[in-house]
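Here's a quick report on a protein chain and its ligand. Have a look at the model, then read on.

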Amino acid sequence: MADKKATITCPGETAVELDVLQGTLGQDVIDIRSLGSKGVFTFDPGFTSTASCESKITFIDGDEGILLHRGYPIDQLATSSSYLEVSYILLYGEKPTQKEFEEFKTTVTRHTMIHEQITRLFHGFRRDSHPMAVLCGVTGALAAFYHDSLDVNNPRHREIAAFRLLSKMPTVAAMCYKYALGQPFIYPRNDLSYAGNFLHMMFATPCEEYVVNPVLERAMDRILILHADHEQNASTSTVRTAGSSGANPFACIAAGIASLWGPAHGGANEACLKMLEEINHKEHIPEFLRRAKDKNDSFRLMGFGHRVYKNYDPRATVMRETCHEVLQELGMKDDLLEVAMELEHIALHDPYFIERKLYPNVDFYSGIILKAMGIPSSMFTVIFAMARTVGWIAHWNEMHDDGIKIARPRQLYTGYAQRDFTSDLAK
Ligand code: SDX
(Lines give C-alpha, C1' and ligand atoms only; values in the text may rest on other atoms or scores of the structure.)
Protein backbone atom coordinates (compact mmCIF):
# COMPACT_ATOMS: atom_id res chain seq x y z
CA MET A 1 0.00 0.00 0.00
CA ALA A 2 1.51 3.35 -1.00
CA ASP A 3 1.72 5.72 1.97
CA LYS A 4 2.46 8.73 -0.25
CA LYS A 5 -0.40 10.34 -2.15
CA ALA A 6 -0.83 12.89 -4.94
CA THR A 7 -4.03 14.79 -5.67
CA ILE A 8 -5.27 15.86 -9.09
CA THR A 9 -8.19 18.23 -9.36
CA CYS A 10 -9.60 18.61 -12.89
CA PRO A 11 -11.71 21.68 -13.74
CA GLY A 12 -15.25 21.22 -12.44
CA GLU A 13 -14.38 17.87 -10.91
CA THR A 14 -13.76 16.71 -7.37
CA ALA A 15 -10.15 16.06 -6.38
CA VAL A 16 -8.81 12.60 -7.24
CA GLU A 17 -6.28 11.07 -4.83
CA LEU A 18 -3.60 8.92 -6.47
CA ASP A 19 -0.98 6.61 -5.00
CA VAL A 20 2.69 7.63 -5.27
CA LEU A 21 4.73 4.48 -5.90
CA GLN A 22 8.31 4.28 -4.62
CA GLY A 23 11.11 2.36 -6.31
CA THR A 24 14.38 1.04 -4.87
CA LEU A 25 16.28 3.89 -6.54
CA GLY A 26 15.31 6.96 -8.57
CA GLN A 27 12.23 9.11 -8.53
CA ASP A 28 8.80 8.11 -7.23
CA VAL A 29 5.95 7.81 -9.76
CA ILE A 30 2.31 8.86 -9.57
CA ASP A 31 0.05 5.90 -10.33
CA ILE A 32 -2.45 7.39 -12.79
CA ARG A 33 -4.01 4.07 -13.90
CA SER A 34 -7.36 4.90 -12.31
CA LEU A 35 -7.72 8.16 -14.28
CA GLY A 36 -8.79 6.41 -17.50
CA SER A 37 -11.91 5.01 -15.87
CA LYS A 38 -12.74 8.56 -14.82
CA GLY A 39 -12.42 9.72 -18.47
CA VAL A 40 -9.22 11.66 -17.74
CA PHE A 41 -6.13 11.21 -19.98
CA THR A 42 -2.64 12.63 -19.39
CA PHE A 43 -0.75 14.09 -22.35
CA ASP A 44 2.94 13.24 -22.78
CA PRO A 45 4.22 12.91 -26.40
CA GLY A 46 7.69 11.33 -26.38
CA PHE A 47 7.04 10.09 -22.83
CA THR A 48 9.33 12.72 -21.29
CA SER A 49 7.43 12.42 -17.96
CA THR A 50 6.06 8.87 -18.17
CA ALA A 51 7.18 5.63 -16.53
CA SER A 52 5.81 2.98 -18.90
CA CYS A 53 6.41 -0.02 -16.66
CA GLU A 54 8.01 -1.40 -13.52
CA SER A 55 11.38 -3.05 -14.08
CA LYS A 56 14.23 -4.65 -12.10
CA ILE A 57 16.73 -4.93 -14.94
CA THR A 58 18.55 -1.60 -15.42
CA PHE A 59 18.68 1.65 -13.48
CA ILE A 60 19.90 4.99 -14.85
CA ASP A 61 20.50 8.15 -12.82
CA GLY A 62 20.82 10.74 -15.57
CA ASP A 63 21.91 13.56 -13.28
CA GLU A 64 24.70 11.55 -11.68
CA GLY A 65 25.65 9.60 -14.82
CA ILE A 66 24.97 6.24 -13.16
CA LEU A 67 24.07 3.03 -15.07
CA LEU A 68 23.41 -0.21 -13.17
CA HIS A 69 22.55 -3.62 -14.61
CA ARG A 70 20.80 -5.65 -11.86
CA GLY A 71 22.61 -3.29 -9.44
CA TYR A 72 26.10 -3.71 -10.92
CA PRO A 73 27.77 -0.48 -12.22
CA ILE A 74 28.50 -0.47 -15.96
CA ASP A 75 32.17 0.53 -15.56
CA GLN A 76 32.80 -2.47 -13.27
CA LEU A 77 31.02 -4.82 -15.67
CA ALA A 78 32.91 -3.39 -18.67
CA THR A 79 36.29 -3.87 -17.01
CA SER A 80 35.73 -7.10 -15.03
CA SER A 81 33.00 -9.12 -16.78
CA SER A 82 32.24 -10.47 -20.25
CA TYR A 83 29.30 -9.93 -22.56
CA LEU A 84 28.04 -13.47 -21.96
CA GLU A 85 28.29 -13.11 -18.18
CA VAL A 86 26.48 -9.73 -18.39
CA SER A 87 23.88 -11.41 -20.62
CA TYR A 88 23.31 -14.07 -17.95
CA ILE A 89 22.96 -11.36 -15.28
CA LEU A 90 20.48 -9.39 -17.40
CA LEU A 91 18.41 -12.47 -18.22
CA TYR A 92 18.41 -14.24 -14.83
CA GLY A 93 18.99 -11.34 -12.39
CA GLU A 94 21.98 -12.80 -10.54
CA LYS A 95 25.64 -13.59 -11.27
CA PRO A 96 26.13 -17.15 -12.55
CA THR A 97 28.16 -19.73 -10.65
CA GLN A 98 31.03 -21.21 -12.64
CA LYS A 99 28.86 -24.25 -13.42
CA GLU A 100 25.85 -22.16 -14.42
CA PHE A 101 28.04 -20.00 -16.65
CA GLU A 102 29.68 -22.97 -18.39
CA GLU A 103 26.25 -24.45 -19.13
CA PHE A 104 24.97 -21.09 -20.39
CA LYS A 105 28.05 -20.53 -22.55
CA THR A 106 27.87 -24.04 -24.01
CA THR A 107 24.19 -23.62 -24.89
CA VAL A 108 24.82 -20.26 -26.58
CA THR A 109 27.85 -21.63 -28.44
CA ARG A 110 25.99 -24.72 -29.65
CA HIS A 111 23.17 -22.68 -31.22
CA THR A 112 25.16 -20.17 -33.29
CA MET A 113 24.43 -21.81 -36.65
CA ILE A 114 21.27 -20.79 -38.49
CA HIS A 115 18.96 -23.01 -40.58
CA GLU A 116 20.81 -23.51 -43.87
CA GLN A 117 17.75 -22.45 -45.86
CA ILE A 118 17.93 -18.97 -44.30
CA THR A 119 21.13 -18.33 -46.25
CA ARG A 120 18.99 -18.23 -49.38
CA LEU A 121 16.84 -15.49 -47.83
CA PHE A 122 19.79 -13.11 -48.07
CA HIS A 123 19.82 -13.49 -51.84
CA GLY A 124 16.46 -11.77 -52.06
CA PHE A 125 18.17 -8.50 -51.07
CA ARG A 126 20.24 -6.24 -53.32
CA ARG A 127 23.94 -6.43 -52.46
CA ASP A 128 23.91 -2.68 -51.76
CA SER A 129 21.04 -2.95 -49.24
CA HIS A 130 21.76 -1.27 -45.91
CA PRO A 131 22.75 -4.12 -43.53
CA MET A 132 20.09 -2.95 -41.05
CA ALA A 133 17.41 -3.61 -43.69
CA VAL A 134 18.75 -7.14 -44.12
CA LEU A 135 19.11 -7.72 -40.36
CA CYS A 136 15.56 -6.53 -39.74
CA GLY A 137 14.13 -8.75 -42.48
CA VAL A 138 16.10 -11.89 -41.62
CA THR A 139 15.43 -11.57 -37.87
CA GLY A 140 11.68 -11.35 -38.42
CA ALA A 141 11.90 -14.33 -40.79
CA LEU A 142 13.45 -16.52 -38.05
CA ALA A 143 9.85 -17.02 -36.88
CA ALA A 144 9.27 -18.96 -40.10
CA PHE A 145 11.92 -21.50 -39.13
CA TYR A 146 11.86 -21.94 -35.37
CA HIS A 147 8.31 -23.01 -34.58
CA ASP A 148 9.26 -24.59 -31.24
CA SER A 149 9.87 -21.18 -29.62
CA LEU A 150 6.86 -19.16 -30.71
CA ASP A 151 4.41 -19.87 -27.85
CA VAL A 152 4.95 -16.74 -25.76
CA ASN A 153 2.82 -18.17 -22.94
CA ASN A 154 5.24 -21.08 -22.51
CA PRO A 155 8.29 -20.08 -20.40
CA ARG A 156 10.35 -22.89 -21.95
CA HIS A 157 9.53 -21.60 -25.46
CA ARG A 158 10.58 -18.12 -24.32
CA GLU A 159 13.87 -19.48 -22.94
CA ILE A 160 14.61 -21.38 -26.18
CA ALA A 161 13.85 -18.22 -28.18
CA ALA A 162 16.21 -16.23 -25.92
CA PHE A 163 19.05 -18.67 -26.54
CA ARG A 164 18.33 -18.78 -30.29
CA LEU A 165 18.40 -14.99 -30.59
CA LEU A 166 21.46 -14.49 -28.37
CA SER A 167 23.31 -17.23 -30.24
CA LYS A 168 22.33 -16.39 -33.80
CA MET A 169 22.42 -12.60 -33.93
CA PRO A 170 26.24 -12.48 -34.40
CA THR A 171 25.96 -15.07 -37.18
CA VAL A 172 23.18 -13.16 -38.97
CA ALA A 173 24.98 -9.83 -38.38
CA ALA A 174 28.23 -11.10 -39.89
CA MET A 175 26.28 -12.62 -42.81
CA CYS A 176 24.81 -9.16 -43.52
CA TYR A 177 28.36 -7.86 -43.89
CA LYS A 178 29.61 -10.78 -45.98
CA TYR A 179 26.57 -10.56 -48.27
CA ALA A 180 27.24 -6.86 -48.89
CA LEU A 181 30.85 -7.69 -49.78
CA GLY A 182 29.92 -10.57 -52.05
CA GLN A 183 32.11 -12.85 -49.95
CA PRO A 184 31.07 -16.33 -48.81
CA PHE A 185 29.39 -16.66 -45.42
CA ILE A 186 31.74 -17.92 -42.70
CA TYR A 187 30.33 -20.53 -40.35
CA PRO A 188 30.55 -19.94 -36.59
CA ARG A 189 33.35 -21.66 -34.67
CA ASN A 190 32.66 -23.27 -31.30
CA ASP A 191 36.28 -22.90 -30.14
CA LEU A 192 36.10 -19.09 -30.18
CA SER A 193 34.63 -16.62 -27.68
CA TYR A 194 31.37 -14.80 -28.45
CA ALA A 195 33.19 -11.65 -29.60
CA GLY A 196 36.04 -13.59 -31.21
CA ASN A 197 33.59 -15.75 -33.17
CA PHE A 198 31.84 -12.61 -34.45
CA LEU A 199 35.12 -11.05 -35.61
CA HIS A 200 36.07 -14.34 -37.25
CA MET A 201 32.75 -14.56 -39.12
CA MET A 202 33.21 -10.92 -40.17
CA PHE A 203 36.79 -11.04 -41.41
CA ALA A 204 37.79 -14.65 -42.13
CA THR A 205 37.73 -16.03 -45.69
CA PRO A 206 38.01 -19.63 -46.91
CA CYS A 207 41.35 -18.77 -48.50
CA GLU A 208 43.51 -18.33 -45.43
CA GLU A 209 43.48 -18.64 -41.65
CA TYR A 210 42.21 -15.55 -39.80
CA VAL A 211 43.59 -15.17 -36.28
CA VAL A 212 41.51 -12.97 -33.99
CA ASN A 213 43.54 -10.17 -32.38
CA PRO A 214 42.96 -10.57 -28.62
CA VAL A 215 42.99 -6.80 -28.04
CA LEU A 216 40.28 -6.31 -30.68
CA GLU A 217 38.38 -9.31 -29.28
CA ARG A 218 38.41 -7.70 -25.81
CA ALA A 219 37.45 -4.32 -27.26
CA MET A 220 34.52 -5.84 -29.17
CA ASP A 221 33.36 -7.71 -26.06
CA ARG A 222 33.49 -4.44 -24.11
CA ILE A 223 31.54 -2.62 -26.83
CA LEU A 224 28.88 -5.34 -26.63
CA ILE A 225 28.68 -4.94 -22.82
CA LEU A 226 28.30 -1.16 -23.14
CA HIS A 227 25.37 -1.57 -25.55
CA ALA A 228 23.63 -4.52 -23.85
CA ASP A 229 20.74 -2.71 -22.18
CA HIS A 230 19.59 0.76 -21.27
CA GLU A 231 16.20 0.85 -19.47
CA GLN A 232 13.14 1.96 -21.46
CA ASN A 233 14.83 3.50 -24.51
CA ALA A 234 12.92 3.82 -27.79
CA SER A 235 13.79 0.38 -29.17
CA THR A 236 13.22 -1.44 -25.87
CA SER A 237 9.87 0.32 -25.53
CA THR A 238 9.13 -0.82 -29.09
CA VAL A 239 9.92 -4.43 -28.19
CA ARG A 240 7.69 -4.18 -25.11
CA THR A 241 4.86 -2.64 -27.16
CA ALA A 242 5.14 -5.29 -29.88
CA GLY A 243 5.32 -8.01 -27.22
CA SER A 244 2.25 -6.65 -25.41
CA SER A 245 0.05 -7.96 -28.26
CA GLY A 246 1.48 -11.46 -27.79
CA ALA A 247 3.66 -11.24 -30.90
CA ASN A 248 6.39 -13.88 -31.19
CA PRO A 249 9.92 -13.07 -29.97
CA PHE A 250 11.49 -12.87 -33.44
CA ALA A 251 8.87 -10.35 -34.59
CA CYS A 252 9.40 -8.30 -31.41
CA ILE A 253 13.18 -8.21 -31.80
CA ALA A 254 12.78 -7.26 -35.48
CA ALA A 255 10.59 -4.36 -34.33
CA GLY A 256 13.32 -3.31 -31.90
CA ILE A 257 15.89 -3.41 -34.71
CA ALA A 258 13.66 -1.18 -36.84
CA SER A 259 13.33 1.39 -34.05
CA LEU A 260 17.04 1.31 -33.20
CA TRP A 261 17.91 2.13 -36.83
CA GLY A 262 16.80 5.75 -36.48
CA PRO A 263 19.62 8.38 -36.34
CA ALA A 264 18.24 9.82 -33.09
CA HIS A 265 18.76 6.42 -31.47
CA GLY A 266 21.04 3.56 -32.49
CA GLY A 267 21.74 5.05 -35.91
CA ALA A 268 23.63 7.89 -34.18
CA ASN A 269 26.93 5.98 -34.17
CA GLU A 270 26.92 5.75 -37.97
CA ALA A 271 25.72 9.36 -38.24
CA CYS A 272 28.38 10.52 -35.75
CA LEU A 273 31.26 9.08 -37.76
CA LYS A 274 29.83 10.63 -40.94
CA MET A 275 29.63 13.95 -39.07
CA LEU A 276 33.26 13.70 -37.90
CA GLU A 277 34.33 12.86 -41.46
CA GLU A 278 32.37 15.88 -42.72
CA ILE A 279 34.00 18.14 -40.12
CA ASN A 280 37.31 16.53 -41.08
CA HIS A 281 39.53 19.14 -39.36
CA LYS A 282 39.48 21.07 -36.08
CA GLU A 283 39.28 24.40 -37.92
CA HIS A 284 35.82 23.41 -39.21
CA ILE A 285 34.40 22.74 -35.72
CA PRO A 286 33.08 26.29 -35.05
CA GLU A 287 30.89 26.19 -38.17
CA PHE A 288 29.37 22.85 -37.17
CA LEU A 289 28.74 24.07 -33.63
CA ARG A 290 27.02 27.14 -35.06
CA ARG A 291 24.77 24.90 -37.16
CA ALA A 292 24.04 22.62 -34.17
CA LYS A 293 22.80 25.68 -32.25
CA ASP A 294 20.80 27.14 -35.14
CA LYS A 295 17.10 26.35 -34.64
CA ASN A 296 16.56 26.79 -38.38
CA ASP A 297 19.13 24.11 -39.15
CA SER A 298 18.11 20.47 -38.63
CA PHE A 299 21.77 19.56 -37.98
CA ARG A 300 22.39 18.06 -34.56
CA LEU A 301 25.74 17.18 -33.00
CA MET A 302 25.50 13.41 -33.40
CA GLY A 303 26.73 11.43 -30.42
CA PHE A 304 25.80 14.35 -28.14
CA GLY A 305 22.83 14.74 -25.83
CA HIS A 306 20.53 12.23 -24.22
CA ARG A 307 16.96 12.12 -22.97
CA VAL A 308 18.07 10.80 -19.59
CA TYR A 309 21.76 11.63 -19.11
CA LYS A 310 22.21 15.27 -18.11
CA ASN A 311 25.76 14.37 -17.17
CA TYR A 312 28.45 12.30 -18.82
CA ASP A 313 27.10 9.01 -20.24
CA PRO A 314 29.21 6.54 -18.21
CA ARG A 315 29.44 4.35 -21.29
CA ALA A 316 31.06 7.18 -23.26
CA THR A 317 33.85 7.38 -20.68
CA VAL A 318 34.66 3.66 -21.03
CA MET A 319 34.29 3.91 -24.81
CA ARG A 320 36.82 6.76 -24.99
CA GLU A 321 39.35 4.73 -22.95
CA THR A 322 38.77 1.72 -25.24
CA CYS A 323 39.26 3.96 -28.26
CA HIS A 324 42.74 4.98 -27.10
CA GLU A 325 43.62 1.32 -26.30
CA VAL A 326 42.56 0.03 -29.74
CA LEU A 327 44.33 2.79 -31.68
CA GLN A 328 47.47 2.24 -29.60
CA GLU A 329 47.32 -1.53 -30.15
CA LEU A 330 46.90 -1.06 -33.87
CA GLY A 331 49.61 1.61 -33.94
CA MET A 332 47.05 3.85 -35.59
CA LYS A 333 46.57 7.58 -35.30
CA ASP A 334 43.09 8.58 -36.40
CA ASP A 335 42.71 12.29 -37.14
CA LEU A 336 38.99 11.85 -36.48
CA LEU A 337 39.81 11.05 -32.85
CA GLU A 338 41.63 14.36 -32.61
CA VAL A 339 38.59 16.08 -34.15
CA ALA A 340 36.24 14.24 -31.75
CA MET A 341 38.27 15.17 -28.68
CA GLU A 342 38.54 18.82 -29.74
CA LEU A 343 34.81 18.90 -30.53
CA GLU A 344 34.05 17.42 -27.11
CA HIS A 345 36.34 19.92 -25.38
CA ILE A 346 34.85 22.96 -27.14
CA ALA A 347 31.22 21.81 -26.76
CA LEU A 348 31.63 21.09 -23.05
CA HIS A 349 32.75 24.71 -22.55
CA ASP A 350 30.03 26.23 -24.78
CA PRO A 351 27.08 27.82 -22.89
CA TYR A 352 24.55 26.34 -25.34
CA PHE A 353 25.60 22.79 -24.46
CA ILE A 354 26.21 23.56 -20.80
CA GLU A 355 22.76 25.12 -20.31
CA ARG A 356 21.08 22.14 -22.02
CA LYS A 357 23.33 19.63 -20.21
CA LEU A 358 24.41 18.06 -23.50
CA TYR A 359 27.29 15.60 -23.06
CA PRO A 360 28.82 12.91 -25.30
CA ASN A 361 26.76 9.72 -25.28
CA VAL A 362 27.60 6.11 -26.00
CA ASP A 363 27.65 6.77 -29.75
CA PHE A 364 30.26 9.53 -29.74
CA TYR A 365 33.41 7.38 -29.69
CA SER A 366 32.11 3.96 -30.73
CA GLY A 367 32.34 4.74 -34.43
CA ILE A 368 36.03 5.61 -34.24
CA ILE A 369 36.82 2.29 -32.54
CA LEU A 370 34.74 0.25 -34.98
CA LYS A 371 36.29 2.06 -37.96
CA ALA A 372 39.77 1.35 -36.58
CA MET A 373 38.78 -2.34 -36.33
CA GLY A 374 38.01 -2.32 -40.05
CA ILE A 375 34.23 -2.30 -39.65
CA PRO A 376 32.32 -0.08 -42.12
CA SER A 377 29.96 2.57 -40.69
CA SER A 378 26.97 0.79 -42.28
CA MET A 379 27.60 -2.06 -39.80
CA PHE A 380 27.79 0.11 -36.65
CA THR A 381 24.08 -0.04 -35.82
CA VAL A 382 24.00 -3.75 -36.71
CA ILE A 383 26.57 -4.28 -33.94
CA PHE A 384 24.51 -2.10 -31.60
CA ALA A 385 21.43 -4.26 -32.39
CA MET A 386 23.42 -7.47 -31.87
CA ALA A 387 24.52 -6.25 -28.42
CA ARG A 388 21.11 -4.88 -27.43
CA THR A 389 19.31 -8.13 -28.31
CA VAL A 390 19.93 -9.52 -24.81
CA GLY A 391 18.47 -6.37 -23.23
CA TRP A 392 15.43 -6.51 -25.47
CA ILE A 393 14.89 -10.19 -24.56
CA ALA A 394 15.30 -9.49 -20.83
CA HIS A 395 12.63 -6.77 -20.97
CA TRP A 396 10.36 -8.89 -23.18
CA ASN A 397 10.61 -11.75 -20.68
CA GLU A 398 10.07 -9.43 -17.71
CA MET A 399 6.91 -8.10 -19.36
CA HIS A 400 5.60 -11.65 -19.81
CA ASP A 401 6.56 -12.64 -16.27
CA ASP A 402 4.62 -9.65 -14.94
CA GLY A 403 1.57 -10.48 -17.07
CA ILE A 404 1.18 -8.65 -20.39
CA LYS A 405 -1.46 -5.96 -20.95
CA ILE A 406 -1.71 -4.69 -24.52
CA ALA A 407 -0.15 -1.23 -24.93
CA ARG A 408 -2.94 0.99 -26.21
CA PRO A 409 -2.42 4.72 -25.44
CA ARG A 410 -5.11 7.29 -26.15
CA GLN A 411 -4.73 10.78 -27.74
CA LEU A 412 -5.66 14.44 -27.72
CA TYR A 413 -7.90 14.69 -30.80
CA THR A 414 -7.73 18.02 -32.64
CA GLY A 415 -9.21 16.96 -36.01
CA TYR A 416 -12.65 17.72 -37.50
CA ALA A 417 -15.85 17.33 -35.52
CA GLN A 418 -18.36 15.03 -37.27
CA ARG A 419 -19.44 16.25 -40.73
CA ASP A 420 -21.62 14.61 -43.47
CA PHE A 421 -19.98 13.10 -46.57
CA THR A 422 -20.98 13.43 -50.23
CA SER A 423 -18.40 12.58 -52.89
CA ASP A 424 -17.25 15.34 -55.31
CA LEU A 425 -15.80 12.81 -57.72
CA ALA A 426 -17.19 12.02 -61.17
CA LYS A 427 -19.33 8.85 -61.00
C1 SDX B 1 20.98 6.44 -27.90
O2 SDX B 1 17.23 6.49 -24.74
C3 SDX B 1 18.36 5.76 -24.65
O4 SDX B 1 18.69 5.21 -23.64
C5 SDX B 1 19.13 5.66 -25.96
C6 SDX B 1 20.50 5.03 -25.89
C7 SDX B 1 20.43 3.55 -25.57
O8 SDX B 1 21.44 2.99 -25.12
O9 SDX B 1 19.36 2.93 -25.89
O10 SDX B 1 21.29 5.68 -24.93
C11 SDX B 1 21.22 5.12 -27.25
O12 SDX B 1 20.05 6.54 -28.66
C13 SDX B 1 21.85 7.61 -27.54
C14 SDX B 1 21.42 8.92 -28.24
C15 SDX B 1 21.96 8.89 -29.66
N16 SDX B 1 21.44 10.01 -30.45
C17 SDX B 1 22.22 11.04 -30.83
O18 SDX B 1 23.40 11.19 -30.49
C19 SDX B 1 21.55 12.02 -31.77
C20 SDX B 1 21.82 13.45 -31.30
N21 SDX B 1 21.13 13.66 -30.03
C22 SDX B 1 19.82 14.35 -30.11
O23 SDX B 1 19.05 13.99 -31.21
C24 SDX B 1 19.10 14.33 -28.77
O25 SDX B 1 20.01 14.69 -27.82
C26 SDX B 1 18.39 13.07 -28.31
C27 SDX B 1 17.43 12.56 -29.33
C28 SDX B 1 19.38 12.00 -28.00
C29 SDX B 1 17.62 13.42 -27.04
O30 SDX B 1 16.66 14.32 -27.40
P31 SDX B 1 15.58 14.88 -26.32
O32 SDX B 1 15.79 14.31 -24.99
O33 SDX B 1 14.22 14.77 -26.92
O34 SDX B 1 16.01 16.37 -26.15
P35 SDX B 1 15.56 17.53 -27.10
O36 SDX B 1 15.66 17.11 -28.54
O37 SDX B 1 14.28 18.08 -26.61
O38 SDX B 1 16.75 18.60 -26.86
C39 SDX B 1 16.68 19.51 -25.77
C40 SDX B 1 17.43 20.74 -26.27
C41 SDX B 1 16.85 21.28 -27.59
O42 SDX B 1 17.16 22.64 -27.63
P43 SDX B 1 16.01 23.73 -27.16
O44 SDX B 1 14.77 23.44 -27.97
O45 SDX B 1 15.79 23.47 -25.69
O46 SDX B 1 16.60 25.09 -27.45
O47 SDX B 1 18.79 20.40 -26.58
C48 SDX B 1 19.02 20.55 -27.97
C49 SDX B 1 17.68 20.60 -28.64
O50 SDX B 1 17.73 21.37 -29.83
N51 SDX B 1 19.80 19.38 -28.40
C52 SDX B 1 20.82 19.41 -29.26
C53 SDX B 1 21.31 18.10 -29.32
N54 SDX B 1 20.57 17.31 -28.54
C55 SDX B 1 19.63 18.10 -27.97
N56 SDX B 1 21.37 20.43 -29.97
C57 SDX B 1 22.41 20.10 -30.76
N58 SDX B 1 22.94 18.86 -30.88
C59 SDX B 1 22.41 17.84 -30.17
N60 SDX B 1 22.92 16.61 -30.28
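## Who lines the ligand

The shell around the ligand divides into ten nonpolar residues, seven polar and seven charged. Here Ala, Val, Leu, Ile, Met, Phe, Trp, Tyr, Cys and Pro count as nonpolar, Asp, Glu, Lys and Arg as charged, and the others, Gly among them, as polar. In total, 24 residues surround the ligand, each with a heavy atom within 4 Å of it. The closest are H230, H306, R307, R315 and R388.

This is a predicted model: local features need pLDDT of at least 70 and side-chain atom pairs count only at pLDDT 80 or more, while totals for chains, interfaces and linings use all residues. Residues are numbered from 1 along each chain as its sequence is written, and side-chain values use heavy atoms, with hydrogens and water left out.

## Polar contacts and cover

One oxygen atom sits 2.6 Å from a side-chain N or O atom of H230. For R388, a side-chain N or O atom is 2.8 Å from a ligand oxygen, and a polar backbone atom of G303 is 2.8 Å from a ligand oxygen. The protein covers 76% of the 1100 Å² of accessible area that the ligand has on its own (Shrake-Rupley method, 1.4 Å probe).

## The chain as a whole

Along its principal axes, the C-alpha trace spans about 75 × 65 × 55 Å. Buried residues (under 20% relative accessible area, 1.4 Å probe, protein chains only) make up 47% of the 427 in the chain.

Conventions:
A polar contact is a pair of N or O atoms within 3.5 Å; within protein, one must be able to donate a hydrogen and the other to accept it, and residues adjacent in sequence count only if both atoms are side-chain atoms. Buried means under 20% relative accessible area, exposed over 50%, partly exposed in between (1.4 Å probe, protein chains only).
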